[in-house]
Amino acid sequence: MAGRARGRMCVAVVGKGRGIVCEGVVVLLGGVVGGGMERAGVGVHGDAHSIYTVDPTSPTVDCLLVRRDTVVDTGSLRTPSSLPSLARAHPTQLTKPLPVLRVPPGAIVVPGLADAHAHLVQYGFKMQLQLDGASSLDDVLDRIEAYILAHPNVSDDPSHWVEGMGWDQTRWVGWRGGFPTAADLASRPLLAPRPIVLYRVDVHALWVSPRALELTRSTIPDGWPAPGEIEGGEIIRDEDNVPTGVFLDTAMALVPTPPWSHAQLEEYAERAMRDALAVGLTNVHDAATDVRMIELFRRMADEGRLPIRIYAMGNSEETTYWGDRIPRLENYGRDARLDVRSVKLFTDGALGSWGAALLEPYTDKPTTRGLMRSSQAALAETVRQFWDDGWSVNIHCIGDRANKVVLDIFESLAANDSIARRRPRIEHAQIMRLEDLERVGRLGDSKNRTSDMWYAESRLGPERIKGAYAYQSLLQSSPNGILPLGSDFPVENINPLLGFYAAVSRLDVHGESPHGPQGWFASERLTRAQALKGMTLDAAYAAFAENERGSLTAGKKADYVILDTNIMREDAPFEDILKTQVRATVIDGRVMYGGV
């Protein structure tokens, strides 16, 4: 790197300018920082106002000064006194050159991006056998066969469990309707004798092979549970009451899939974190982190091997209270990147598998209103136990019935405690009555997802859809203007810029929507500034960290991302967002991915 500094210096992230002398400090331009190395003296040079801070007092700046892992100051090259003031912030550096990184023309700097709802280990698992994107049943079967043939340890052992994730029957061309069956998997000779379990894209349905059905039945001494006997779950059956090969929600636990080994857990987690850094994610809220995953993250944090920040929501499948069996961790580890201070609970299933709990029957399946995993009274008691034990409580709610139930519970708790202090979260908040949109703004949290738009109205009908995926309405109902955004990867793509695109355009990646190129319910679009805040400062708020990160403000962590395209221009074509690449991802002042 030209002008490379030695030792502990400052990082200056700078907009337009070519080389400035500030009270004896020569600001040098050019150079590359990479390989995860900490550089205390680096600047970023690009177009004027190319640093988007998400700080309302200075939304865009040209200069950012960082010492070690902390932002020290920001400023503008248009103000003659700006850089001298930045230099004075570190008088020990006045006798040394201050290196500056060069941001290419057209590139911008934004705070480190956060995903407020995702699943790290499950992402790594999904990447071994990806079924999303399959356009037909045959396409799914082809992918499974290719996976088996590519792995000799699997192909040579018919008893080896084959696991995959991502199928979505709503996207299959010429599909007959309903769910696929075990018989579909047995239609290929290579697949027929094998135990195969395939998670639907939303992970709320499990499709299994005949052999997997046999093995499952062998573990149930009294035979298959009767219809309606599984609380919060369902075994899909044919007209003769015989299981067809699909299990929904809590019924999925009946299938005896082998637990992942420690080596597999670590492999999946490491893959997810590498991919997260490559797309600009510096912080992930891991939604439903069981004890084994927490222990893995804690060990990695102890060893300094946690490359991103993780806000883990503890979770367990135990039927008794488990809040005393997971550790409470805040700013934990060698780099203080792990937090466990909340829990994740579930109320219902997912819309795509007709499991989201609705107040009225599904429009396209009037025999069901979806699934509640427990009664309102039982859920309220569980939530109160965690609340009284000091945990922040985050609850999965998709259907309007689930959202109403949880809002009622949270409102009853809010009478005795400060919502701002405890910050309960509704995860997803996808379908709501219009009157509940205002309530959730006062009480909860939301996520951004529009990939369901192609079938959502067929599930809900023309009236209920008005209260679904209403992100601008949710934001406006929030007294403090807070709307954390998350992808739910691996359900969706890990790239946060795709979520940014969906939030501001209400279009799919082909520029289309059920309402045409103007966007699906376009009035619910977020502005680019709102979307960026939802993926940075609002996500930090949801993790109790708004005073530590989420904006490029003096005193906060030096987490930032360099993008090769200015995605913040409101007049720029939406498709430019899809072409944008991450040039560098920086955490604690260290370049963890890429370079400049």
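The structure is a predicted model, in which local features need pLDDT of at least 70 and side-chain atom pairs count only at pLDDT 80 or more, while totals for chains, interfaces and linings use all residues. Residues are numbered from 1 along each chain as its sequence is written, and side-chain values use heavy atoms, with hydrogens and water left out.

**Stop 1: Ser-513**

Select Ser-513, in the loop that runs between helix H15 (496–505) and helix H16 (528–534). Helices (H or I, at least four residues) and strands (E, at least two) are DSSP runs, numbered from the N terminus. Ser-513 is buried, its relative accessible area being 7%; buried means under 20%, exposed over 50%, and partly exposed in between (1.4 Å probe, protein chains only). Next, display Met-453, Trp-454, Arg-506, Leu-507, Gly-519 and Trp-520, which Ser-513 touches when residues up to four places away in sequence are not counted. Contact here means heavy atoms within 4.5 Å. From the side chain of Ser-513 to the backbone nitrogen of Trp-520 the distance is 3.4 Å.

**Stop 2: Pro-59**

Move to Pro-59, found in the loop between strand E5 (51–52) and strand E6 (60–61). Pro-59 is partly exposed, at 47% relative accessible area. Then select Ala-529: its C-alpha atom is separated by 9.3 Å from that of Pro-59, although the two residues are 470 residues apart along the chain.

**Stop 3: Cys-63 and Cys-397**

Select Cys-63, which is buried with a relative accessible area of 0%. Cys-397 is buried as well, also with a value of 0%. The count of disulfides (pairs of cysteine sulfur atoms within 2.5 Å) comes to zero.

**Stop 4: the second largest pocket**

To centre the view on the second largest pocket, select Arg-171, Ser-451, Val-491, Glu-492 and Asn-493, which lie nearest its centre among 44 lining residues. A pocket is an open set of points on a 1 Å grid over the protein atoms alone, where a 1.4 Å probe fits, with protein on both sides within 12 Å along at least five of seven lines; lining residues have an atom within 4 Å of a point. The volume of this pocket, about 1000 Å³, is the space filled by probe spheres set on the points, which are joined across faces, edges and corners.

Colour strand E11 (113–118), helix H2 (120–126), strand E12 (162–167), helix H13 (453–464) and H15, each of which supplies at least two lining residues. H15 gives the most, with five residues.

Notes: Polar contact = N/O pair within 3.5 Å; in protein donor to acceptor, adjacent residues only side chain to side chain.
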